[in-house]
Amino acid sequence: LGSSSSVPFTSIFSQLFMTVVVPLIIGQIVRRYIKDWLERKKPPFGAISSCVLLMIIYTTFCDTFANPNIDLDKFSLIIIVFIIFSVQMSFMFLTFLFSTRNNSGFTPADTVAIIFCSTHKSLTLGIPMLKIVFAGYEHLSLISVPLLIYHPAQILLGSLLVPTIKSWMVSRQK
């Protein structure tokens with residue numbers, strides 16, 4: 001379009017590496033040394049991670065919709081919701097088709113895991129990535145709206161599809 005810009009790849013890569021990869025590596029190393037203690041004490045990591053996820057979602061919603069510069073009308077929001085549900089359903093259907101082919105070698109339980117795990121993404125990774133990649137961008141709130149809708153949409157679709165997928169899996173296992 002006759003315009004160009006430079007992207008600081010090394011800065012973005014190093015920030016993403018420090019935000020995502022380093023904590024993962026440290027967690028895996030520490031886990032190796034305290035695994036027995038963790039199994040004995042059973043700390044409430046599930047509740048802690050749920051609370052942290054809830055806080056990330058809450059602060060992102062607050063940041064997004066408290067921004068006076070966000071220019072998102074109701075019709076655009078409905079279109080975004082429709083597109084996200086369509087994309088989510090399409091990905092779930094495609095993963096179902098590929099994992100149930102005759103030569104795929106997957107069991108029905110594998111297929112269910114593939115359907116849910118391959119299409120589900122989380123705000124806990126998406127929001128930090130957006131904040132790093134688009135740091136200083138005035139419309140960051142607007143860019144985060146699809147991710148804010150995608151996360152609840154995947155939870156809603158997953159919960160709606162559980163009875164259907166469960167009956168399919170039970171019938172296939174018999």
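At roughly what angle do the axes of helix 4 and helix 6 cross? They cross at roughly 170°, and the axes come within 10 Å. Helices are DSSP runs (H or I, at least four residues), numbered from the N terminus.

Before going on, the caveats. This is a predicted model, where local features need pLDDT of at least 70 and side-chain atom pairs count only at pLDDT 80 or more, while totals for chains, interfaces and linings use all residues. Residues are numbered from 1 along each chain as its sequence is written, and side-chain values use heavy atoms, with hydrogens and water left out.

Back to that crossing of helix 4 and helix 6, at roughly 170°. By class, the contact of helix 4 with helix 6 has 10 nonpolar, 5 polar and 1 charged residues. Here Ala, Val, Leu, Ile, Met, Phe, Trp, Tyr, Cys and Pro are nonpolar, Asp, Glu, Lys and Arg are charged, and the others, Gly among them, are polar.

Let's zoom in on Ile115, which sits in helix 4 (residues 108-119). Ile115 is buried, at 4% relative accessible area; the cut-offs are under 20% for buried, over 50% for exposed and partly exposed in between, with a 1.4 Å probe and protein chains only. Setting aside neighbours within four places in sequence, Ile115 touches Met92, Thr95, Phe96 and Ile165.

How many aromatic pairs does the structure hold? There are 2, counting Phe, Tyr and Trp rings (six-membered ring for Trp) with centres within 6.5 Å, where planes under 30 degrees apart are stacked, over 60 edge-to-face and the rest tilted. Phe13 and Phe17 are stacked, at 6.2 Å centre to centre and 25° between the planes. They are 4 residues apart in helix 1 (residues 9-41), so about one helical turn separates them. Phe13 is exposed at 59%, and Phe17 is partly exposed at 35%. The rings of Phe96 and Trp168 are edge-to-face, because their planes are at 70°, with centres 5.1 Å apart. That pair links distant parts of the chain, with Phe96 in helix 3 (residues 74-99) and Trp168 in helix 6, 72 residues apart. Trp168 is buried at 18%, whereas Phe96 is partly exposed at 24%.

Last stop, another helix 6 packing. Helix 2 (residues 45-65) and helix 6 (residues 140-173) have axes that come within 10 Å and cross at roughly 140°. So helix 2 is oblique to helix 6. The residues in that contact include Thr60 and Thr64 of helix 2 and Ser144 of helix 6. Ser144 is buried, at 5% relative accessibility. Beyond its neighbours within four places in sequence, Ser144 is in contact with Thr60, Thr64, Ile127 and Leu130.

That's my tour, thanks.

Methods:
Axes are lines fitted to C-alpha atoms, for helices over the stretch in contact, and angles run from 0 to 180 degrees between N-to-C directions. Helices (H or I, at least four residues) and strands (E, at least two) are DSSP runs, numbered from the N terminus. Angles under 35 degrees count as roughly parallel, over 145 as roughly antiparallel, 65 to 115 as roughly perpendicular and the rest as oblique. Contact means heavy atoms within 4.5 Å.
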